[in-house]
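These notebook entries record what I looked up in the structure shown below.

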Amino acid sequence: MPELLRYLLVILGVVLAPLTIAAGLTWGERRLLALFQDRYGPNRVGPAGVLQVLADMIKILTKEDWVPPFADRPVFVLAPAIIIIATYLSFAVIVFAPGIAVAELNIGLLFFLAMSSLSVYSVALAGWASNSKYALLGSLRSIGQMLSYEVFMGLSLMGVVVMAGTFDLGAIVRAQAGLWYIVPQFIGFFIFFIAGLAETRRIPFDLPEAESELVAGFHTEYSGMKFAMFFLGEYVAITLFAAMLTVLFLGGWHGPGSQSTLVALGWFLLKTLALIAVFILIRASLPRLRYDQLMEFGWKVMLPLSLVNLLVTGAVVLWRG
Amino acid sequence: MLSLLRTIWSVFLHAFARRATVQYPEQRPYLAPRWRGRIVLTRSPDGRERCVACYLCAVACPVDCIALQRAVDAEGRHYPAFFRINFSRCIFCGFCEEACPTCAIQLTPDFEMAEYHREGLVYEKEDLLISGPGKYHAYDYYHVAGIAAADKDKGEAEGERPPVDTRGLLP
Ligand code: SF4
Ligand code: SF4
């Protein structure tokens, strides 16, 4: 019975924690952006403005949830759900601390890659079902962007897989007990980081949304809670990528201090939040790429780089025996 | 690539820079005396209304938000029977103040005029009229205007020469 209870608690935690972080990020991102831009950001509602999240929720829930008459209704309604489901399912395989995971799959990494590919459907379907030119352009861009960045996102992780000799995320973290993979696999880390930015459609890879060109890109026609789902989906995806970077390159739960589960969880959270802060810092500093620059960067720089990285890693691992 | 990293670093350093925000309700911004804010109708030093209902402000107003009606009192002075400014249209350009020959209409350093209803932004004469002379303390139109008023005759105003005798031969 305690085993089952513990399991249920873990599931509850894995469901609630990303949601809480994502909701908190809607406030945290604005505060951090303001910090980097010599402003204060939302600081009025509640202590330091944290209740802004609540205020936003109330506002967005009371908005009219409008489906345009020219839209393809079932697909239009389905699309925001897919993005949440796809990003959320990935959390199931992440190992937060020794034994704290919903499912320690031995193909955890592959599962994550599969799920992150699924979220392309959400964006593509949303743009298609909206039946409007801005949405369609945005979704076409995002299909091209996400598909091409997924190629080397997978490849950049293969270096880690070669070194750890497994797809199991728990085993990968355990293999980093001595040295975090960010040191031997720095190129892999760098490529995966950039691919993560592109997959979550963050600035400087926010071409699918591109407010200044495409109104709001693929979610132009969305309003109310459906729009909030996309928004939340983006934040959950950021959290997911930060967590994956932590697991794969930053040694997961490893850190100085006692080995208790709580401390391990604390280290994991700390690393994840720090990475999210870096994502936000990048958003505050860099301009959006042009579409041809994006494609060129992906195929001509990142893909060869990840291949070379994989080749060298494989050679070194073989040579060491 | 290096320039990107430098950009990110310099943006990061801004986290420690001084904030540009003015925390408004607690921290008031400095408003210059000539700030163009809420409009008032002033009185001359003797406490009488300055406005002579000449309609110049209403004509000058680019958005037509001033409405007034002239009336004549027992002394023969003109005054506005009503004077209405619709602040939901006013753009605070200050043209009315420029146009006014009597310094009656003046803009003040006050911008806190928020209302829940649009009608609340239509100010009537009793809302606009203040008890003092505003920015021009000593100015009294009737004492420099060159026309007769109850307490003085033509040519008795300050710095004013007596009227020219149009029938005489000498200037
Ligand atoms: S400030 Fe400009 S817009 Fe406002 S009442 Fe005067 S003339 Fe009209
Ligand atoms: S211009 Fe001055 S005197 Fe003339 S009507 Fe307007 S406020 Fe009155």
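I call a residue buried under 20% relative accessible area, exposed over 50% and partly exposed in between, with a 1.4 Å probe and protein chains only. The model is predicted, so I take local features at pLDDT of at least 70 and side-chain atom pairs at pLDDT 80 or more, while totals for chains, interfaces and linings use all residues. Residues are numbered from 1 along each chain as its sequence is written, chains are lettered from A and ligands numbered from 1 in the order in which they are written, and side-chain values use heavy atoms, with hydrogens and water left out.

Entry 1, aromatic rings.
I count rings of Phe, Tyr and Trp (its six-membered ring) as a pair if their centres lie within 6.5 Å; planes under 30 degrees apart are stacked, over 60 edge-to-face and the rest tilted. Over all chains, I found 22 aromatic pairs. In one of them, the ring centres of A:Tyr222 and A:Phe230 are 4.9 Å apart and the planes stand at 80°, so I noted the pair as edge-to-face. A:Tyr222 is buried at 6% relative accessible area, and A:Phe230 is buried as well, at 2%. I also noted a cluster linked by ring pairs, made up of A:Phe112, A:Phe186, A:Phe189, A:Phe192, A:Phe193, A:Phe241, A:Phe249 and A:Phe279.

Most residues other than glycine have a negative phi. I looked up two residues with a positive value. A:Ala48 has a phi near 55°. I placed A:Ala48 in the loop between helix H1 (2–36) and helix H2 (52–61) of chain A, where helices (H or I, at least four residues) and strands (E, at least two) are DSSP runs numbered from the N terminus. The relative accessible area of A:Ala48 is 44%, which is partly exposed. For B:Asp64, phi is also near 55°. B:Asp64 lies in the loop between helix H2 (56–60) and strand E2 (66–72) of chain B, and its relative accessible area of 57% makes it exposed.

I found A:Asp65 in the loop between H2 and helix H3 (73–90) of chain A, partly exposed at 42%. Which residues is A:Asp65 in contact with, leaving aside its neighbours within four places in sequence? They are A:Ser223 and A:Lys226, with contact meaning heavy atoms within 4.5 Å. The C-alpha atoms of A:Asp65 and A:Val278 are separated by 34 Å, and the two residues are 213 apart along the chain. A:Leu214 belongs to helix H8 (residues 211–214) of chain A and is buried at 5%. From A:Leu214 to A:Lys133, I read 8.9 Å between C-alpha atoms and 81 residues in sequence.

I counted five helices and five strands in chain B. From the N terminus on, they follow the order α-β-α-β-β-α-β-β-α-α. The radius of gyration is 24 Å, well over the 16 Å that the globule rule gives for 171 residues, so chain B is more spread out than a compact globule. This radius is taken over C-alpha atoms, and the rule is 2.2 Å times the number of residues to the power 0.38. Along the principal axes, the C-alpha atoms of chain B fill a box of roughly 90 × 45 × 30 Å. Buried residues are 32% of the 171 in chain B.
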